[in-house]
Amino acid sequence: MKLSISRRDFLKGSVLAIGACLTPFGTRLLSGAEMKNGFKPTVWYEITPNNIVTVWIPSSEMGQGTWTTLAMIVADELEADWKQIRIKQAPAGEAFKNPITRDQLTVASASVRGYYDILRKAGAAGRMMLVKIAAGQWKVPEGECRAQKGFVVHKKSGRKLSYGKLAEKGPAVAVPQEPTLKKESEFTYIGKTMPRIDIPDKVSGAAVYGIDVSVPGMLYASIARPPAYGAKPVSFDEKAAGAVKGVQKVAPIPMGIAVCADSLDAAWKGRDALKVRWDKGALPDMNDDSIEKHFMEELDKPGAPVKKAAGAKEALASAAKKVEAVYFVPAVAHVTMEPMNCTVHVQKDICDVWAPTQGPLVAKMVASQVAGMPPDKVFVHTSLLGCGLGRRAAPDFVVEGTILSKITGKPVKVIWTREEDIQHDIFRAPTCHRVKAGLDAEGRLTAWSHKVVTASLLKDIYPAGVVNGIDFMSLWGLADFPGSPDNNNIAYEIPNFDLEYLIDDLPIPVAPWRSVQNAPNAFITESFIDELAHAAGKDPVAFRLNLLKNNMRARRSVEVVAEKAGWGKAVPAGHAKGIAQHSCFGSYVAQVADISVNEKNGTIKVHKVFAAVDCGLAVNPDALRAQIEGGIIMGLSTTLKERVRFANGGAKSANLSDYKILKMSEIPEIEVHVIKSAEKIGGMGEPPVPPVAPAVANAFFKATGVRIRRLPLDPATVMEAIRKKA
Amino acid sequence: MVSLNVNGKKYSIDVQEDVPLLWVLRDHLKLTGTKYGCGVGECGNCTVHIDGRAQRSCVVPVGDAKGKKITTIEGLPKDHPVKRAWIKEQVPQCGYCQPGIIMQVSALIGESKSPDPDKIVAAMDDVLCRCGSYPRVKRGIKTAVEIVRKEGKRS
């Protein structure tokens with residue numbers, strides 16, 4: 001991507017912003033009025049005469065530490081002192097697009113790997129300009145001046161000038177479009193752990209999430225939503241709701257019946273008073289059993305050919321040993337701890353949107369459409385996100401807020417209850433696979449035929465992404481979009497690999513969920529490869545390594561984790577280890593799970609998870625480690641506990657009392673090994689998730705001799721599997 | 001009118017007594033550090049201290065909190081051992097659940113004559129985090145207890 005920063009924007013323009021919007025931690029939400037005042041977000045940072053360097057962070061901060069990591073990249077190349085760095089959340093702007101997502105979307109573990117080169121160049125350009133300005137003032141050769149820790153220094157004469165001073169007095173100089181980058185050995189911050197900028201406010205209670213936004217005169221909205229997919233309201237008591245003290249407006253909208261009130265309590269009471277009666281919806285008989293039956297039936301229907309291997313059929317037919325298995329992974333919910341919410345104020349000529357969103361540009365676009373205002377009149381203020389997990393890339397909550405502000409003429413904050421948040425989530429897509437493979441007499445893999453039935457993630461949001469009945473996003477982990485550098489593929493070199501995909505059409509709404517379909521798909525491929533290893537009489541690590549001969553990074557992650565976990569060595573009585581590896585979003589992760597099984601009550605205790613990762617350079621190592629720990633824990637939560645239940649045509653699971661997630665006493669010890677790597681930078685928000693489930697399932701097989709081909713591995717599932725074996 | 005004592009300040013609020021304390025804190029007093037997570041006392045994100053004990057403010061009607069001493073995350077001193085430990089150990093990720101977790105931990109430390117990190121960890125299962133900050137919460141608890149042991153407990 002070409003660096004395009006104009007000189008005026010870079011220094012002169014920035015000086016105009018003196019002292020504005022600075023808090024002790026450098027962040028707060030800007031109002032639309034402030035942005036109107038000539039604010040043009042075309043730069044990545046500004047230096048003000050108070051010697052503060054403010055970095056605009058294009059990505060949404062949702063716990064991954066992006067505020068800090070991206071600021072580190074700028075600070076390093078700029079030679080700024082970390083103490084003078086402040087950050088501001090960038091508004092929605094074309095200039096802030098990530099070259100990987102080609103949008104301002106915080107998805108696909110793309111922040112560091114997407115912005116790394118751009119921010120380095122931007123920082124380096126500033127450093128060179130500041131040196132030039134100083135040299136000009138001192139009338140000395142540029143080569144005699146050095147930028148260091150927020151100053152330009154002329155050693156010979158002992159003079160130095162702070163960046164703040166230079167920003168104030170500096171004459172105009174040209175912006176170098178191809179600035180000289182530092183050598184890796186010269187890095188000050190990159191590669192060293194820096195404390196996260198967002199943490200102090202998160203500890204004090206001052207951090208502002210979307211749900212905390214308050215606008216004078218604001219109404220609170222709650223929406224009664226249909227219990228079954230596609231259900232329409234038959235009747236509701238508008239009068240009773242309107243009679244609740246504080247209720248200002250009852251409004252049927254496409255999502256349900258909305259109640260707007262002076263307080264949230266009044267909005268909730270009003271919503272309850274509606275007593276909405278709904279019709280039966282699109283598929284009133286849909287429930288857990290019918291869903292599974294439907295998937296099994298779909299497996300027998302023809303799908304679209306994704307990978308065609310001419311010799312697959314023959315190789316399978318002539319295989320010395322055949323292995324066939326059917327796997328099912330149910331829907332899981334995001335359960336971001338902060339439920340969906342959004343605050344919108346549609347005014348006469350502008351519209352302000354305060355949203356905890358992973359996609360501010362998408363929010364801008366939908367608010368513009370709903371408000372009937374051009375996009376340049378819509379100002380999106382991205383707050384902190386109480387988890388993103390892919391859920392907050394969808395703009396549904398922005399649409400609701402905008403509709404209701406437009407109807408009431410007032411600022412409106414929509415808050416979903418936890419029940420709405422789970423029941424009306426857009427889930428990780430349930431998926432069902434049939435896999436067949438052949439082994440020759442020496443136990444070598446000769447063919448692999450794979451059929452997938454799962455919903456299309458792109459069908460509704462980006463129909464052009466579905467080509468010839470194939471949505472590669474739903475296949476991530478098995479096959480990536482043609483030409484994608486993200487390696488969301490099956491990593492093994494498989495002879496005669498045949499892949500067929502049938503788009504499922506159940507009315508269950510689906511969306512990306514941390515690692516998208518890499519996690520459920522990798523559960524299946526990594527469990528199945530383990531089945532093959534055992535069928536071939538080979539060690540699961542050796543079997544994998546043999547198929548990864550030409551995939552150096554994946555191979556190394558397996559070797560490192562096997563060594564660190566003491567693979568092949570004796571384990572304590574009752575313990576068993578399982579391995580899995582998966583690569584996605586440009587990174588490579590292998591894990592070993594050490595578990596024990598209580599065959600009396602069906603509980604699995606995961607004692608320890610070892611992880612080896614290759615993500616290229618780790619920019620902020622401790623933040624990276626936190627992502628790996630968190631990814632493993634979230635992955636383990638879906639491995640052991642999570643499953644959305646359906647009944648009567650809708651989701652039945654409704655709160656954390658019936659949709660359980662992992663608790664503190666259930667977490668394993670986690671040992672992380674970050675492989676020193678000079679390879680291209682990969683993402684790390686999502687890649688730690690996929691290997692967990694298969695590592696645990698493979699360990700379960702080792703412990704019990706029973707292969708469970710579904711998730712979660714909850715006590716009921718475990719007991720049933722053990723009973724069947726007996 | 002409901003009279004409340006929050007973080008050492010007295011408030012008189014025009015609100016019905018059945019409204020959960022959580023929403024009075026958040027929307028009336030603008031103390032938004034206390035978070036809504038489930039509304040049924042399952043996730044602990046809304047934990048505050050009521051007369052020194054950790055309580056789920058989403059299921060406490062504000063009427064029941066009258067005359068009691070309420071402390072929220074904003075009222076816990078900035079240099080409180082738990083807050084210091086949380087920064088030192090870089091505990092939060094998205095951070096949304098952390099005020100509840102911090103209030104739970106600080107109450108448990110406050111209640112015990114000689115706080116034991118293992119016992120505190122064992123009492124943390126009803127406070128949920130989705131990011132998976134648990135390993136660092138454990139470390140944070142250990143560090144907070146070390147600070148308390150070294151410096152003695154504050155009142």
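This is a predicted model: local features need pLDDT of at least 70, side-chain atom pairs count only at pLDDT 80 or more; totals for chains, interfaces and linings use all residues.
Residues are numbered from 1 along each chain as its sequence is written, and chains are lettered from A in the order in which they are written.

**The largest nonpolar core**

- The largest nonpolar core holds 289 residues; such a core is a set of buried Ala, Val, Leu, Ile, Met, Phe, Trp, Tyr and Cys residues joined through C-beta atoms within 7 Å.
- Buried here means that 20 or more other C-beta atoms lie within 10 Å of a residue's own, with C-beta atoms placed from the backbone.
- Members that touch the most others are A:Val55, A:Ala71, A:Ala221, A:Val353, A:Ala611 and A:Val696.
- Leaving out residues up to four places away in sequence, A:Val55 touches A:Trp44, A:Tyr45, A:Leu70, A:Ala71, A:Val74, A:Ile85 and A:Ile87.

**Where chain A meets chain B**

- Here 45 residues of chain A are in contact with 44 residues of chain B, contact being C-beta atoms, placed from the backbone, within 7 Å.
- On the chain A side, α6 (199-204), α8 (264-274) and α18 (621-640) each supply at least two residues, and α18(A) has the largest share with 7.
- By class, that side has 23 nonpolar, 12 polar and 10 charged residues (Ala, Val, Leu, Ile, Met, Phe, Trp, Tyr, Cys and Pro are nonpolar; Asp, Glu, Lys and Arg charged; the others, Gly among them, polar).

**Two domains in chain B**

- Chain B splits into domain 1 (2-73) and domain 2 (81-151), with bounds from an automatic or database domain assignment.
- Their centres, taken over C-alpha atoms, sit 21 Å apart.
- The contact takes 15 residues from domain 1 of chain B and 12 from domain 2 of chain B.
- On the domain 1 side, β3 (47-50) and β4 (53-56) of chain B each supply at least two residues, and β3(B) gives the most, with 3.
- That domain 1 side divides into 5 nonpolar, 8 polar and 2 charged residues.

**A helix pair in chain B**

- B:Ile101, B:Val105 and B:Ile109 in α3(B) meet B:Val137, B:Ile141, B:Ala144, B:Val145 and B:Val148 in α5(B).
- This contact is 8 nonpolar residues, no polar and no charged.

Definitions and conventions. A residue is buried if 20 or more other C-beta atoms lie within 10 Å of its own, exposed if 12 or fewer, and partly exposed in between; C-beta atoms are placed from the backbone. Two residues are in contact if their C-beta atoms, placed from the backbone, lie within 7 Å. Helices (H or I, at least four residues) and strands (E, at least two) are DSSP runs, numbered from the N terminus.
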